[in-house]
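Please keep the sequence and the structure in view while reading.

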Amino acid sequence: MSDRGPSQTPNASGFGGILKGMMLLGRGRAEGIAYFGNTRDSVLAALAPRLAMWLVLGGLTLGAAPQAISGVKVLFALCLILLPAVVTNALARHWKREGLWMRYITATWWTDWVTLFVGLVVALLMALASPKLLQSATGAGILNGVEFGYSLWLTWYVARVGLLLRRGQAVLLVVAILGSLGLLVAATGLLSPHQRAWHDFLYPLMVQQAQPHQGNV
């Protein structure tokens, strides 16, 4: 089956169908896009786990440090969640693909979790091969590199099959997402130059707990 022309009729319903679609798209199978809905309810259902995590981490962040900068961190995290949706919606409208966008963003938000699964598998393999490697800076670099590379490919692939884009258009969409997030980080850095945006703002509580004695970079 071509990766440009999958059926747009869902083959299954419920969370089981979503999981199947995630696994298919995560393996480069275009038919996986058909397992995601193209409605507002589907979009909200895909967004819900992200918002739930944001609310929990935001509450913990504000509770641990009830300061203005904590509020900035929480708002920054929300922007990280929503900004790619705004950017891709604008591009979908520009390319006359707005009718496909809700299915695309639904698939995107669900398949993003596949990246975490890939990271866990890589970490497990590294731990089995050499526990010391996993705990080293080299191991962390390998793990982060694999996750980032896979995430870029998955973002490109889901955009291509979800919005029926050409390869170059899908690349442009990925660049636009990265560029918008980079501008967001730069703007936040101007407001708070002594904070580590990608780390403290994206994973504020986890990073602070993992590195309690490390100073700001």
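Is the crossing of α4 and α6 left-handed or right-handed? The crossing of these two helices is right-handed. The model under discussion is a predicted one.

**The chain as a whole**

- Read from the N terminus, the elements follow the order α-α-α-α-α-α-α-α-α.
- The chain has 217 residues, of which 41% count as buried.
- When contacts between residues at least 6 apart in sequence are considered, 68% of them join residues at least 24 apart.

**Helices α4 and α6**

- Helix α6 covers residues 137–162, and its axis comes within 9 Å of the axis of α4, the two crossing at roughly 155°.
- Because an angle over 145 degrees counts as roughly antiparallel, α4 is described as roughly antiparallel to α6.
- On the α4 side, the residues that make the contact include Leu100, Tyr104, Val118, Val122 and Met126.
- On the α6 side, Ile142, Leu143, Tyr150, Leu154 and Val158 are among the residues taking part.
- Sorted by class, the residues of this contact comprise 15 nonpolar, 7 polar and 1 charged.

**Helices α1 and α4**

- Helix α1 (residues 14–26) packs against helix α4 (residues 98–129) at an angle of about 70°, and their axes are 9 Å apart.
- Since angles of 65 to 115 degrees count as roughly perpendicular, α1 is roughly perpendicular to α4.
- The crossing in which α1 passes α4 is right-handed.
- From α1, the residues Phe15, Ile18, Met22, Met23, Leu25 and Gly26 meet Ala107, Trp110, Thr111, Trp113 and Val114 of α4.
- The contact of α1 with α4 contains 9 nonpolar residues, 2 polar residues and no charged residues.
- Ala107, Thr111 and Val114 of α4 meet residues of α1, and these three residues of α4 also belong to the contact with α6.

**Salt bridges**

- How many salt bridges does the structure hold? The structure holds 2 salt bridges.
- One of them joins the side chains of Glu31 and Arg29, with a distance of 2.4 Å from N to O.
- Glu31 has a relative accessible area of 17% and is therefore buried, the cut-off for this class being under 20%.
- Arg29, its partner in the salt bridge, is partly exposed, with a relative accessible area of 36%.
- A salt bridge also forms between Asp112 and Arg50, whose closest N and O atoms are 2.5 Å apart.
- This pair links distant parts of the chain, as Asp112 lies in helix α4 and Arg50 in helix α2, 62 residues apart.
- Asp112 is partly exposed, with a relative accessible area of 27%, whereas Arg50 is buried, with a value of 15%.

**Leu51 in helix α2**

- Where is the place of Leu51? Leu51 is found in helix α2, which spans residues 40–64.
- The relative accessible area of Leu51 is 27%, so this residue is classed as partly exposed.
- Leu51 and Leu78 are separated by 27 residues in sequence, while their C-alpha atoms are 8.0 Å apart in space.

Terms used:
Residues numbered from 1 in each chain as written. Predicted model: local features only at pLDDT ≥ 70, side-chain atom pairs only at ≥ 80, totals over all residues. Heavy atoms only, no water. Helix = DSSP H or I, 4+ residues; strand = E, 2+ residues; numbered from the N terminus. Buried < 20%, exposed > 50% of the residue type's maximum accessible area, 1.4 Å probe, protein only. Axes fitted to C-alpha atoms, helices over the stretch in contact; angles between N-to-C directions. Parallel < 35°, antiparallel > 145°, perpendicular 65-115°, else oblique. Left-handed = near helix turned anticlockwise from the far one by under 90°. Contact = heavy atoms within 4.5 Å. Nonpolar A, V, L, I, M, F, W, Y, C, P; charged D, E, K, R; others polar. Salt bridge = Lys/Arg side-chain N within 4 Å of Asp/Glu carboxyl O.
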